[in-house]
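Here are some friendly notes to read alongside the structure. Take them one at a time, and find each place in the viewer as you go.

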Amino acid sequence: MFDDGWADGWAPFALVRPCGELVFGRWTLRERLERVARRRVAGHVTRPWLRRYAEPGAPRCLDADGLSAPCTVWNARAVPSLGAAWSDAPANLWVADRLAGVQLGADAEPPRADWFAAPRPRPGLPDRALPGAWLRHPWDLVSAGPDRLAADLVAETGPGAEAPELPGGCWRLGDAPIRLGEETQVEPGVLFDAREGPIELGPGVRVRSGTRLGGPLYAGAGSRLLGGHISHFSGGGHSRVRGEVERVTTLGYSNKAHDGFLGHAYLGRWVNLGAATVNSDLKHSYGSIRVGRPGARRDTGLLKFGCLVGDHVKTGVGTRLETGTVVGAGSSLFGAEPPPRWVEPFSWGDGRSMEPHRRGDFLSTAVQVAERRGLEETPEFRDWLGDVWDEARGS
């Protein structure tokens with residue numbers, strides 16, 4: 001799986017991880033491809049500073065000039081339909097009239113590094129079209145995510161996969177499927193609102209009394225849903241969520257464990273939103289929302305869009321994120337004033353002034369956070385994040 005030149009600009013997520021490791025709907029883009037192709041992805045061809053990327057369960061990053069045939073290379077921004085018919089025969093692979101990848105036989109010359117930024121069809125190979133769609137901008141993960149999640153959950157649950165009955169003291173609205181994983185614990189007083197889509201709780205999920213779950217909704221293994229109204233939500237494993245949460249995706253191991261509104265947003269991994277952190281997702285003028293660096297903002301064309309929050313971001317008590325905010329990875333925000341709508345990676349500040357989040361302090365905090373969740377710190381984890389800091393802030 002590879003990131004092209006367009007995906008390289010997917011702030012704030014492309015700095016820290018291959019784009020194939022972003023969740024879209026029920027699965028990461030890489031997991032979706034694996035389901036369609038019915039085989040594991042061997043690795044990612046991506047930005048050079050991610051050569052030591054080391055996330056449990058994810059494949060490693062590969063040397064772009066070190067591939068060998070036979071192989072298939074697939075653009076991470078191409079989203080194949082789950083029902084797409086996969087073949088191992090050599091071909092140029094197309095999705096929605098754009099080249100999505102190339103399947104090469106044993107006697108072929110594999111692509112070299114310069115090919116991945118702007119991929120081109122391989123001469124002499126037949127063309128094969130697969131059903132699917134494309135992601136062009138990182139905010140597409142927000143705007144198209146809930147519809148994709150609903151379709152994924154319908155495909156995943158299927159006939160006969162629904163929970164035979166809800167836990168005692170819980171209520172249900174709607175007829176869409178509801179699926180509860182092994183050892184899931186749901187306290188009395190939880191409402192499952194399945195009128196707008198299915199609901200799936202992964203293994204070991206716990207749901208507190210007083211929570212209203214609105215489909216489509218997926219909570220990954222070990223997540224904690226702690227109260228409030230949570231709807232159109234896709235949460236990676238070990239997410240902690242509370243409050244009014246609408247049309248939000250989290251990559252996992254992130255905390256939004258207090259009251260407050262979060263809407264039309266995407267959170268990276270290891271994010272912690274302090275108590276009463278809220279965001280806006282609608283302009284007073286009801287106009288379309290612009291995103292980007294000052295002087296280079298781009299019109300998303302979206303009426304509702306909240307924020308993109310990179311990996312390892314922390315916010316203090318009462319932080320207010322304005323409409324269309326992008327927070328760079330590794331940043332720590334606090335204070336009474338809202339932060340800028342574009343926060344550079346590894347920033348530290350109170351909304352009025354920002355300074356670099358020092359390398360050693362950032363790495364020490366990242367290790368402590370992982371250890372608090374029961375994960376053993378490894379040299380690979382520290383090396384990977386150190387390389388990311390060096391790329392973003394190193395001189």
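1. Let's begin with the surface. The accessible surface of the protein chain is about 17000 Å², and carbon and sulfur atoms account for 49% of that area. Please keep in mind that this is a predicted model, with every value computed from it.

2. Now the overall build. The protein chain contains six helices and 31 strands. Its radius of gyration is 21 Å, close to the 21 Å that the globule rule gives for 395 residues, so the chain is as compact as a globular protein of that length. Along the principal axes, the C-alpha trace spans about 60 × 55 × 45 Å.

3. What share of the 395 residues is buried? Buried residues make up 53% of them. Contacts also tell us about the fold: among those between residues at least 6 apart in sequence, 44% join residues at least 24 apart.

4. Have a look at helix 1, residues 29-37. This helix is mostly covered, with seven of its nine residues buried. The buried set includes Leu 29, Leu 33, Val 36 and Ala 37, and Arg 30, Arg 32 and Glu 34 belong to it too. Just after helix 1 comes Arg 38, which takes a positive phi of about 60°.

5. Two packed helices are described by the angle between their axes and the distance between the axes. Here the axes come within 10 Å and cross at roughly 145°, and the crossing is right-handed.

6. Which residues meet where these two helices touch? From helix 5 come Arg 359, Phe 362, Leu 363, Ala 366, Val 367 and Ala 370. Facing them in helix 6 are Phe 381, Arg 382, Leu 385, Gly 386, Asp 387, Trp 389 and Asp 390. The residues of this contact divide into eight nonpolar, one polar and four charged.

7. Thr 249 sits in strand 17, residues 240-250. Is Thr 249 buried or exposed? With a relative accessible area of 9%, Thr 249 falls under the 20% cut-off, so it counts as buried. Leaving aside residues up to four places away in sequence, Thr 249 touches Val 23, Ser 234, Ala 265, Tyr 266 and Leu 267.

8. Now for some backbone details worth checking. Most residues other than glycine have a negative phi, and most peptide bonds are trans. Trp 270 has a positive phi, near 65°, and is not a glycine. You will find Trp 270 in the loop between strand 19 (261-267) and strand 20 (272-273). Tyr 286 also has a positive phi, of about 60°, and lies in the loop between strand 21 (278-279) and strand 22 (290-291).

9. Trp 270 has 5% relative accessibility, so it counts as buried. Tyr 286, in contrast, has a relative accessible area of 56%, so it is exposed.

Note on methods:
Residues numbered from 1 in each chain as written. Predicted model: local features only at pLDDT ≥ 70, side-chain atom pairs only at ≥ 80, totals over all residues. Heavy atoms only, no water. Axes fitted to C-alpha atoms, helices over the stretch in contact; angles between N-to-C directions. Helix = DSSP H or I, 4+ residues; strand = E, 2+ residues; numbered from the N terminus. Left-handed = near helix turned anticlockwise from the far one by under 90°. Contact = heavy atoms within 4.5 Å. Nonpolar A, V, L, I, M, F, W, Y, C, P; charged D, E, K, R; others polar. Buried < 20%, exposed > 50% of the residue type's maximum accessible area, 1.4 Å probe, protein only. Rg over C-alpha atoms; globule rule 2.2 N^0.38 Å. Areas by Shrake-Rupley, 256 points an atom, 1.4 Å probe, with all protein chains shown as cover.
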